[in-house]
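This report covers helix packing and ring contacts. The sequence and structure come before the details.

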Amino acid sequence: MTRIAVVGGGAWGTALADLLARKGDAVTIWAREPEVVEAVNRQHANPVFLPGASLAPALRADGDLGAAVRGAEVVVSAAPAHAVRPVMTEAAAAFPKNGAQPLVVSVSKGLDPEKLERPSTVLEDVLPRGTPVAVLSGPSFAQEVYQRQPTLVVAAASDHAVAQRTQRVFSAGHFRVYSHTDVIGVELAGALKNVIAVAAGILEGLGLGYNTRAAVITRGLAEITRLGVALGADPMTFAGLAGMGDLILTATGPLSRNRALGEAIGRGQSLAAALKGKKTVAEGVETARAAVALGEKHDVELPIAREVSAVLFAGKPPRQAVADLMERDLKAEQWR
């Protein structure tokens, strides 16, 4: 039995905590919201973020972050991307002062909005030196993972042995995990696909058809790959589960929060109206702005991300954004 702490009581953190607890591990989930902690402990449920799910009876929740992670052999970092730095800085204070550090697995999909860093880079900055860090990503709606629907994902770490250890921790009969060493590619794919999903939702809201959706997914993959390669990723990573797989799911699946938000924007809602009352986070919103800044920093053209950012934050009409994409200079089809 492995002692595991899941830091983050959202839908994804809850689904993974349930999966790990049902495998027989001793799992504690930390949630900021007292009502989530109480519901997990008393009702074996998280009606706030994963409604209708009956959670493993052995799963426990704690509102004290230090207590939740202290003594854990594996820590799952499941906070939203913008919160990873402050949350995991606090968690790190409870890590061992000497000796072996726990394996930390990032499952956040986004970019630090201020420093434009990937979650694993943030973790390496705030965790004790020598802490093994891996990332878990791929096409995986939390609700379907909870329902034990067959799901395939990727565990990546620069040290393949760490990736393989992560693979063993999470693998289950319905949850197949592949190992990888391209951390940059796996994380960037997981972050930027949310931006393309917002774009796909905008097209849906505008009433545009399958031709247009296929185009934005394909060209979206091209610009994700361009940026990834510029930052040192393997281009083949983007053809795999973390790249094309997750992009297809998030841009077309009805459970996608990013796609749903884009659809509301395409139908004429403002960003504020589309976000109002939502407890869950659509990572593509802040990632759109961060991606554009990262592209500019590395001289990489990201036309779809740029237009999504303009629609979300500069009030650009969605139909004008589509028209501007269509009227760009003619080019050869290639990711370079």
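## Basis

Axes are lines fitted to C-alpha atoms, for helices over the stretch in contact, and angles between N-to-C directions run from 0 to 180 degrees. Helices (H or I, at least four residues) are DSSP runs numbered from the N terminus.

The model is predicted: local features need pLDDT of at least 70, side-chain atom pairs count only at pLDDT 80 or more, and totals for chains, interfaces and linings use all residues. Residues are numbered from 1 along each chain as its sequence is written, and side-chain values use heavy atoms, with hydrogens and water left out.

## Helix 13 and helix 14

Helix 13 (residues 284–297) packs against helix 14 at an angle of about 125°, the axes being 9 Å apart. Helix 13 is therefore oblique to helix 14; angles under 35 degrees count as roughly parallel, over 145 as roughly antiparallel, 65 to 115 as roughly perpendicular and the rest as oblique. The crossing is left-handed, a term for a near helix turned anticlockwise from the far one by less than a right angle, with right-handed used if clockwise.

On helix 13, V285, E286, A288, R289, A291 and V292 make the contact, and on helix 14, A305, R306, V308, S309, L312 and F313 do (contact means heavy atoms within 4.5 Å). By class these are eight nonpolar, one polar and three charged residues. Ala, Val, Leu, Ile, Met, Phe, Trp, Tyr, Cys and Pro count as nonpolar, Asp, Glu, Lys and Arg as charged, and the others, Gly among them, as polar.

## Helix 8 and helix 14

Helix 8 (residues 183–205) and helix 14 (residues 303–313) have axes that come within 9 Å and cross at roughly 65°. Helix 8 is therefore roughly perpendicular to helix 14, and the crossing is left-handed.

From helix 8, V195, I196, V198, A199 and I202 meet I304, A305, V308 and V311 of helix 14. The contact comprises nine nonpolar, no polar and no charged residues.

## Helix 14 and helix 15

The axes of helix 14 and helix 15 (residues 318–326) come within 9 Å and cross at roughly 160°. The two helices are therefore roughly antiparallel, and helix 14 passes helix 15 in a right-handed crossing.

P303, I304, E307 and V311 of helix 14 contact P318, A321, D324 and L325 of helix 15. Six of these residues are nonpolar, none polar and two charged.

## Charges over rings

A charge sits over a ring if NZ of Lys or CZ of Arg is within 6 Å of the ring centre and within 35 degrees of the ring normal. The charged end of R289 sits over the ring of F313, 3.8 Å from its centre. R148 lies over the face of Y146, at 5.2 Å from the ring centre.
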